[in-house]
Amino acid sequence: MDFREMVKKYAEAPISRHLILGLLSDYKRPNDKISELLKSKALISLRRGLYITGPRMDLPTPEPFLIANHLRGPSYVSLESALSYWNMIPERAYEVSSVTLKTSKLYKTPVGRYSYRQSKAPYYSYGIKSIAYSPKQTVLVASPEKALCDKIVLTSKIYLRSIKQTREFLMEDLRMDSEQLKTLDTKVMELWIKNAPKKSSLKMLVKTLIEL
């Protein structure tokens, strides 16, 4: 059986080196075979020990958000990437931004940039949604409310002190639409504040949203 057939059912998620070594167990030198697959672009290395299949394999590949979940875990997609996904901001994010319990990190991969910002429990665990992209691809993404809170909490120099300043931040800096902002669930956001960093900024955010 050729490698394409072996890897076919695993191709919609990032593939670990451990799994590939298992698929190549009949080879005398499986590590040499992996090097050959990388050289021929049948495999693309995301980071040490994690791969996706290359274009020449002509197989379905994982969505960028699923790659983000696997590249550094535990993590979930948030910040500008999630805000863009939920159509809360007009820009398309040029890199996939995530939040992790691990230290902050940036990966520059052959299939794009993936950045991670560190957050602490229990705040980390709030507002994470599981989104089914396809039968084989389910990704973890911040809710619109959590993505906005993360943007404030995890961006240095953002301190919201008044309703006027907060409105300017939301509608001028982030270019958010007031009608979409009115759809956010302020009650659930209030529940997170007790265990969140930048409590006063999040309280001002909630106050501003309620007054829209």
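User: Which residues form one aromatic cluster here?
Analyst: Happy to take that one, with the note that this is a predicted model. A search of the whole structure finds eight aromatic pairs. One aromatic cluster is formed by Phe65, Tyr85, Trp86 and Tyr133.

User: Are the rings of phenylalanine 65 and tyrosine 85 stacked, tilted or edge-to-face?
Analyst: The ring centres of phenylalanine 65 and tyrosine 85 are 5.8 Å apart, with the planes at 55°. Stacked needs planes under 30 degrees apart and edge-to-face over 60. The angle of 55° therefore makes this pair tilted.

User: Which helices does that pair link?
Analyst: Good follow-up! The pair links distant parts of the chain, with phenylalanine 65 and tyrosine 85 lying 20 residues apart. Phenylalanine 65 belongs to helix 4 (residues 64–71), and tyrosine 85 to helix 5 (residues 79–85). The names you want are helix 4 and helix 5.

User: Is phenylalanine 65 buried or exposed?
Analyst: Its relative accessible area is 11%. Buried means under 20%, so phenylalanine 65 is buried.

User: How are the rings of tyrosine 85 and tryptophan 86 arranged?
Analyst: Tyrosine 85 is partly exposed at 28% relative accessible area, and tryptophan 86 counts as partly exposed at 25%. Their ring centres are 4.9 Å apart and the planes stand at 75°. Planes over 60 degrees apart count as edge-to-face, so this pair is edge-to-face.

User: Which lysine has its charged end over the ring of tyrosine 159?
Analyst: For tyrosine 123, the charged end over the ring comes from lysine 146, 4.6 Å from the ring centre. Over the ring of tyrosine 159, the charged end sits 4.6 Å from the centre and belongs to lysine 198.

How values were computed: Residues numbered from 1 in each chain as written. Predicted model: local features only at pLDDT ≥ 70, side-chain atom pairs only at ≥ 80, totals over all residues. Heavy atoms only, no water. Phe/Tyr/Trp six-rings, centres within 6.5 Å; stacked < 30°, edge-to-face > 60°. Helix = DSSP H or I, 4+ residues; strand = E, 2+ residues; numbered from the N terminus. Buried < 20%, exposed > 50% of the residue type's maximum accessible area, 1.4 Å probe, protein only. Lys NZ or Arg CZ within 6 Å of the ring centre and 35° of its normal.
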